[in-house]
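Q: I have a model open and would like to learn how to read its features. Could you take me through them in order?

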Amino acid sequence: LSHALAMSFGVFQQLAPSALVDRSIFASFTGSDVNDLVLIRGDHLEIYHLQRRQNRLSYALGQQLFGRCEALSAFRPAGGAADHLALLFRRARYLVVLR
């Protein structure tokens with residue numbers, strides 16, 4: 001008798017942008033003298049410039065991520081002009097460093 005193995009898998013796709021902020025940090029990601037607000041909303045990364053004189057935020061860029069970010073950190077390498085972002089994804093399967 002042969003037994004057929006049933007294979008199953010799940011696919012996750014976010015249909016609408018998340019309104020909740022999962023992770024946030026301040027960093028100098030887009031330049032050494034720029035203050036940026038970095039947000040993770042679901043599986044989307046958003047970066048806003050903080051304009052202190054006008055007391056407002058301006059949208060700088062957004063990027064779709066391949067999964068949900070579990071941890072977010074900023075660091076500046078020795079001699080670096082701007083911060084780098086480290087994103088750790090679910091179940092520590094992979095780490096992404098953005099420059």
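The dialogue below goes from the overall fold to the core, the surface and the charged pairs.

A: Keep in mind that this is a predicted model.

Q: Which secondary structure elements does the chain have, and in what order do they run?

A: The chain comes to 0 helices and 7 strands. Read from the N terminus, the order is β-β-β-β-β-β-β.

Q: How much of the chain is buried?

A: Of the 99 residues in the chain, 28% are buried. The cut-off for buried is under 20% relative accessible area.

Q: What share of the contacts comes from residues 24 or more positions apart?

A: Take the contacts with a separation of 6 or more; residues 24 or more positions apart account for 28% of these.

Q: How should I read a nonpolar core?

A: The general idea is that in soluble globular proteins, nonpolar side chains tend to be buried together. In this chain the largest nonpolar core has 13 residues, and V38, I40, L72, L85 and L87 touch the most other members.

Q: Which elements give two or more residues to this core?

A: They are β1, β2 (36-41), β3 (44-51), β5 and β6 (84-89). Strand β6 gives the most, with 3 residues.

Q: Which residues does L85 touch, leaving aside those up to four places away in sequence?

A: L85 touches I25, A27, F29, V38, I47, S73, A74, F75, V96, V97 and L98. V38 is, like L85, among the core members that touch the most others.

Q: How should I read a salt bridge?

A: The general idea is that side chains of opposite charge can pair when their charged atoms come close. The cut-off used here is a nitrogen to oxygen distance within 4 Å. By this rule the chain has 4 salt bridges.

Q: What does the pair D22 and R68 tie together?

A: The side chains of D22 and R68 form a salt bridge at 3.3 Å, N to O. D22 lies in the segment before β1 (23-27) and R68 in the loop between β4 (56-64) and β5 (69-75), so the pair ties together parts that are 46 residues apart in sequence. D22 is partly exposed at 30% relative accessibility, and R68 is partly exposed at 28%.

Q: Which strands hold R23 and E70?

A: R23 and E70 meet in a salt bridge with an N to O distance of 3.9 Å. R23 is in strand β1 and E70 in strand β5, so this pair ties together parts that are 47 residues apart in sequence. R23 has a relative accessible area of 29% and is partly exposed; E70, at 33%, also counts as partly exposed.

Q: Are R76 and D83 buried or partly exposed?

A: R76 counts as partly exposed at 39% relative accessibility, whereas D83 is buried, with a relative accessible area of 12%. Their side chains meet in a salt bridge at 2.9 Å, N to O.

How values were computed:
Residues numbered from 1 in each chain as written. Predicted model: local features only at pLDDT ≥ 70, side-chain atom pairs only at ≥ 80, totals over all residues. Heavy atoms only, no water. Helix = DSSP H or I, 4+ residues; strand = E, 2+ residues; numbered from the N terminus. Buried < 20%, exposed > 50% of the residue type's maximum accessible area, 1.4 Å probe, protein only. Contact = heavy atoms within 4.5 Å. Core = buried A, V, L, I, M, F, W, Y, C linked by side-chain atoms within 4.5 Å.
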